[in-house]
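Work through each task first, then compare your steps with the solution.

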Amino acid sequence: MTEGSGLIRGLEGVVAAETQLCDLDGANGRLAYRGYDIADLARQATFEEVTYLLLYGELPKAAQLDALVVGLTAAREIPREILQAYRAMPKATDPMRVLQATVAMLGMSDPDATDNSHGANVRKAVRLTSQLAVAMCAHHRIRSGQEPVNPVAGLSHAANFLYMLTGERPGPAAVKAFDASLTLYAEHELNASTFTTRTIVSTQSDMHSAVAGGVGALKGPLHGGAGEAVMRTLMEIGEVTNVDAFAERSLAAKRRFMGMGHRVYKAGDPRAAILRGMAEEACKQSGQFKWYEMAVKLHERIAKEKGLIPNVDFYSAPLFYSLGIPVDLFTPVIAAGRIAGWCANIIEQHDDNRLIRPRADYVGPKRREFVPREKR
Ligand SMILES: CC(C)(COP(=O)(O)OP(=O)(O)OC[C@H]1O[C@@H](n2cnc3c(N)ncnc32)[C@H](O)[C@@H]1OP(=O)(O)O)[C@@H](O)C(=O)NCCC(=O)NCCS
């Protein structure tokens with residue numbers, strides 16, 4: 001691009017949309033969904049209420065919440081062909097690949113698949129929120145040689161998730177921690193995956209196509225994949241007494257510390273503080289407090305040495321691990337929360353759309369003569 005180039009690498013600080021969904025104050029470490037502080041939502045609202053808030057604009061009254069729960073429950077049955085596909089997939093396949101394929105397949109059978117109207121988008125959002133959770137648990141069961149566990153009417157979205165994953169009824173503390181985690185992951189402005197979903201629908205493509213793209217973006221270790229990488233780091237360290245030696249080696253090798261640092265938050269990620277408290281409790285409950293102790297020690301050391309803050313994915317790692325979630329399902333679980341925000345952003349984009357199409361600075365060779373094949 002020659003016309004007044006203003007290259008901004010990584011689009012840092014660029015404002016690319018107006019939104020009513022997420023108020024992210026990076027300088028002061030504050031975050032709110034539609035005006036409600038994230039700490040209040042995580043502590044006092046359910047993920048279903050937060051989903052309603054994001055999709056409809058207000059916290060639901062009792063009857064409105066009931067109607068949403070009816071919609072989520074009705075969508076829980078996923079097409080049989082998807083379960084058959086899971087049986088045919090290689091057992092060792094990354095569950096995020098499976099999730100991406102699942103979203104594409106769900107789009108093939110959704111009655112509103114290519115309808116981008118507001119009403120159809122809300123209906124699809126409710127179905128996807130429900131189906132993603134059912135699908136990832138069913139896939140996990142099938143790859144582990146077990147049959148999928150049917151959801152139970154009357155259990156919340158979070159409780160059903162843990163039940164469908166393990167086949168065991170989770171306790172109230174585990175349900176609360178998991179439910180709050182889904183809320184904390186539900187929405188986060190123009191993060192890479194949400195921006196991806198907006199870019200896709202800005203072409204007037206549809207919600208399933210956009211969410212499949214969002215899953216692909218979330219998978220990377222600089223985004224949602226960081227949580228899994230944090231847990232693998234803690235496992236590599238092994239014991240609390242090894243943290244200092246690990247930190248020294250890693251600092252000397254200029255290694256990137258997963259779950260640390262953030263593009264927007266510089267003073268602190270408000271989600272991390274809440275997750276830290278829940279991780280402490282869950283690690284105590286599970287009898288494996290060492291994961292929490294290691295995380296705290298690593299966090300403090302790296303913060304001191306490099307001034308990096310722990311982000312949302314740092315303490316969610318020991319938390320998810322203590323809740324019995326397999327490490328390679330951490331990123332799919334994040335998707336199970338972020339689906340609400342993706343869909344709400346897709347709806348906002350469709351409702352007030354302009355094609356997202358930035359420019360690039362051309363830095364290749366100058367114009368030159370074409371050389372025929374025999375003369376190269
Ligand atoms: C999130 C993240 C991608 C933001 O990155 P960014 O705004 O593009 O910042 P950069 O990658 O340009 O990093 C800026 C500087 O901080 C350093 N830095 C940032 N995060 C770091 C980390 N986690 N570990 C070590 N160094 C880090 C970089 O090495 C770079 O240093 P330099 O200028 O000396 O080269 C980055 O902090 C990161 O990679 N974190 C780990 C992955 C992660 O947890 N992702 C989940 C985010 S919610």
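For the class counts below, Ala, Val, Leu, Ile, Met, Phe, Trp, Tyr, Cys and Pro count as nonpolar, Asp, Glu, Lys and Arg as charged, and the others, Gly among them, as polar. Keep in mind that this is a predicted model.

**Exercise 1.** Sort the residues that line the second largest cavity by class.

*Solution.* Start with the space itself, which has a volume of about 30 Å³. Next, list its lining: Y86, P95, V98, L99, T102, A135, M136 and H139. Applying the classes gives six nonpolar, two polar and no charged residues. Finally, trace the helices: α5 (95-109) and α6 each supply at least two residues, and α5 gives the most, with four.

**Exercise 2.** Which helix supplies the largest share of the lining of the largest cavity?

*Solution.* The search of the whole structure finds two cavities of 30 Å³ or more, and the largest has a volume of about 40 Å³. Around the largest cavity sit R76, S130, A133, V134, H157, N160, F161 and M164. Both α6 (118-143) and α7 (157-166) supply at least two of the lining residues. The largest share, four residues, comes from α7. By class, this lining has four nonpolar, three polar and one charged residues.

**Exercise 3.** Locate E189 and Q204, and decide how exposed each one is.

*Solution.* E189 lies in the loop between α8 (172-185) and α9 (192-201). Its phi is positive, about 55°, although E189 is not a glycine. With a relative accessible area of 28%, E189 is partly exposed. Q204 lies in the loop between α9 and α10 (207-218). Q204 is not a glycine either, yet has a positive phi of about 70°. Exposed means over 50%, so Q204 counts as exposed at 61% relative accessibility.

Note on methods
Residues numbered from 1 in each chain as written. Predicted model: local features only at pLDDT ≥ 70, side-chain atom pairs only at ≥ 80, totals over all residues. Heavy atoms only, no water. Buried < 20%, exposed > 50% of the residue type's maximum accessible area, 1.4 Å probe, protein only. 1 Å grid on protein atoms, 1.4 Å probe; cavity = no way out; pocket = protein on both sides within 12 Å on 5 of 7 lines; lining within 4 Å. Points joined across faces, edges and corners; volume = space filled by probe spheres on them.
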